[in-house]
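Please keep the structure in view while reading.

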Amino acid sequence: DYLDIIARKGWEAEIVEQLMHHLSTMRSAWDVLLCEDMPDASLMHRLLLDAASHYGLLGSAEISELCPKLTLPQSWNTYLQMQTKKTRHEFRRREKALCSEFDAVFETIRDEHNFDAAFEEFVALHQERWNTQGEPGVFADPSYRAFQIEAARRLFRKGLVRLNFLKLKGKRAVGSYAFARGGHYALYLLGMGNTDGARKYSPGLALCSENIRQAISEGCRVFDFMRGSEDYKYTFLARDEPTWTITLFSAGRFSLRLSRLLLALALLTEALRLRMRKEVWRLKYAANRHGVFSWTMARHCLKSLVETVRDALQKSRRPLQPRYVHHPAASFFNGARMKDKNHRQQHLTAR
C-alpha cells in the first residue's frame, strides 16, 4: 500500500537531485514517470516536484489513496477513555457476549512450525469472507497466493508478521494478517468464516480491538488500517492520511496535453481490464448461485451495468484516484490545490 524511492536517511535530496538530472538529460528515452502511493510523511514526493521544476520537467501531485491511522496511547484503558461512553459500553458488551456465549479466545501464532498451516487457514477464511459477497478475494489468483504465502513465511521468521485469530467454540472463525515494525502496526487483511450466529456481536470488530490491544502492549505508537475508507475504521478513531501519486512528463509545454491524454487512456484501459475480470467472476458466482435464467440474475446484471458505467465516468474524470476517495477528508486535501504562476507544476498540500 506504500511505495517510495529507496534512499539512505539523510541522502534523500542528493538522490532526487541526481535522478532528476539524469532524466532531464535523456528526455527522448522516456515519456512519463509515475510514482504512485508515496506516503504523506515521505520527503520524496515534495523533493521530486521541486527538483523537477528546477530541471524544467512538468509534473503534478494528486492524492491516490486514503489510509486511516490511529495514534495509540500508552495503555488500553487510556484508549478506551478516548472513546465515547456509548462506544466503551459497546466494546465491553461485545467482548462479554462473545466470551459467555461462544467461548471466544484470542490466539496469536508464535511457533514457526505452526505458521504454514495457520496461514492456509487464514487464506481460507479470507476467501470465504469475500466469496460469500460475490467477490474473488485477494488470494483468488494461484500465483499471487503462492507469492503471499512465501512472503508471509519469510517475514514471520524475521518477527514482522502478526497472524491472529478469534476462536469461537474452539474453532478459528475470524483471522487477521498484520505487520509490526518500529512502533508501527499495520493491519493488512481480515478473514471471516462461519461464525455460528455470532455475527450479531461483530466478531470482526472484536478481533480488530484485540489487534489494537496487542499493538499497545508491544509499545507501538501507530495503528495503521492501511488503504480504504471503510466505515469500521473510523469507529476506532482512525484519521485519514493520504498517499500521493507524482506524475512527471518529459514532453514540452505544447505536447503536454497529448501526453496527459495518452496517460489517462492507458490508466482507463488498465482499470477496465481489471474491472471486467472482476465482473466476469461475479457473473459466474451469481449464475451458479441463482441460475442463469432468473429474475435475481437479471437484477444482478442490471445493477452491475449501472455501477460499471457510473464508476467508468468517475474514473474518466480522475484516472489516478480510486473511486472510493470521496471521504470528507479528501475534499480538504483536494481543496488545497495551488498552481504556480508559470503553470509548470501543481502542488496538493495537506499541511
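Two strands are said to pair if DSSP finds at least two bridges between them. The model is a predicted one. In it, strand 6 (residues 171–181) and strand 7 run antiparallel and are joined by 8 bridges. Phe179 stands opposite Ala186 of strand 7 within this pairing. The two strands form a hairpin with 2 residues between them, and Gly182 in the turn has a positive phi of about 60 degrees. Strand 7 is also joined to strand 8 (residues 222–224), here by 3 bridges and in parallel. His184 has Val222 of strand 8 as its bridge partner. Of the 9 residues of strand 7, 7 are buried, and the strand is mostly covered.

Is Thr195 buried or exposed? Its relative accessibility is 4%, so it counts as buried. Leaving aside neighbours within four places in sequence, Thr195 is in contact with Phe102, Leu168, Ala173, Val174 and Pro203. A polar atom of the Thr195 side chain also lies 3.5 Å from the backbone nitrogen of Arg199.

Strand 9 is next. How many of the residues of strand 9 (residues 242–249) are buried? The count is 8 of the 8, so the strand is largely enclosed by the rest of the structure. In a regular strand, side chains alternate between the two faces of the sheet. In strand 9 both faces are covered, with Pro242, Trp244, Ile246 and Leu248 buried on one side and Thr243, Thr245, Thr247 and Phe249 buried on the other. Strand 1 (residues 32–39) runs antiparallel to strand 9 and is joined to it by 6 bridges. Strand 2 (residues 58–66) is likewise antiparallel to strand 9, with 8 bridges between them. Phe249 takes part in both pairings: Val32 has it as bridge partner, and Leu58 stands opposite it.

Glu121, with a relative accessible area of 31%, is partly exposed.

Glu107 itself is placed in strand 4 (residues 105–108), and its relative accessibility is 18%. Not counting residues up to four places away in sequence, Glu107 touches Leu163, Asn164, Phe165, Lys167 and Arg172.

Helix 5 (residues 112–131) also holds Asp116, which is partly exposed at a relative accessible area of 34%. The side chain of Asp116 makes a polar contact of 3.0 Å with the side chain of Arg153. Asp116 and Ile149 are 33 residues apart in sequence, while their C-alpha atoms are 7.9 Å apart in space. Arg153 in turn meets Glu150 in a salt bridge, 2.4 Å from N to O. Arg153 and Glu150 both lie in helix 6 (residues 142–157), 3 residues apart, about one turn of the helix. Elsewhere, Asp1, Asp37, Glu65 and Arg227 are linked in a network of salt bridges.

Glu279 is in helix 9 (residues 256–290) and is buried, with a relative accessible area of 10%. Its contacts, not counting residues up to four places away in sequence, are Ser304 and Thr308. Glu279 and Cys301 are 22 residues apart in sequence and 9.5 Å apart from C-alpha to C-alpha. Val309 is in helix 10 (residues 295–317) and is partly exposed, with a relative accessible area of 44%. Together with Leu302, Leu305, Val306 and Leu313, Val309 makes a nonpolar surface patch of about 480 Å².

Technical notes:
Residues are numbered from 1 along each chain as its sequence is written. This is a predicted model: local features need pLDDT of at least 70, side-chain atom pairs count only at pLDDT 80 or more; totals for chains, interfaces and linings use all residues. Side-chain values use heavy atoms; hydrogens and water are left out. Patches are made of residues with over 30% relative accessible area and no salt bridge: like charges are joined within 9 Å, nonpolar side chains (Val, Leu, Ile, Met, Phe, Trp, Tyr) within 5 Å. Accessible areas come from the Shrake-Rupley method with a 1.4 Å probe; for residues, only the protein chains shown count as cover. A salt bridge is a side-chain nitrogen of Lys or Arg within 4 Å of a carboxyl oxygen of Asp or Glu. Helices (H or I, at least four residues) and strands (E, at least two) are DSSP runs, numbered from the N terminus. Buried means under 20% relative accessible area, exposed over 50%, partly exposed in between (1.4 Å probe, protein chains only). A polar contact is a pair of N or O atoms within 3.5 Å; within protein, one must be able to donate a hydrogen and the other to accept it, and residues adjacent in sequence count only if both atoms are side-chain atoms. Contact means heavy atoms within 4.5 Å.
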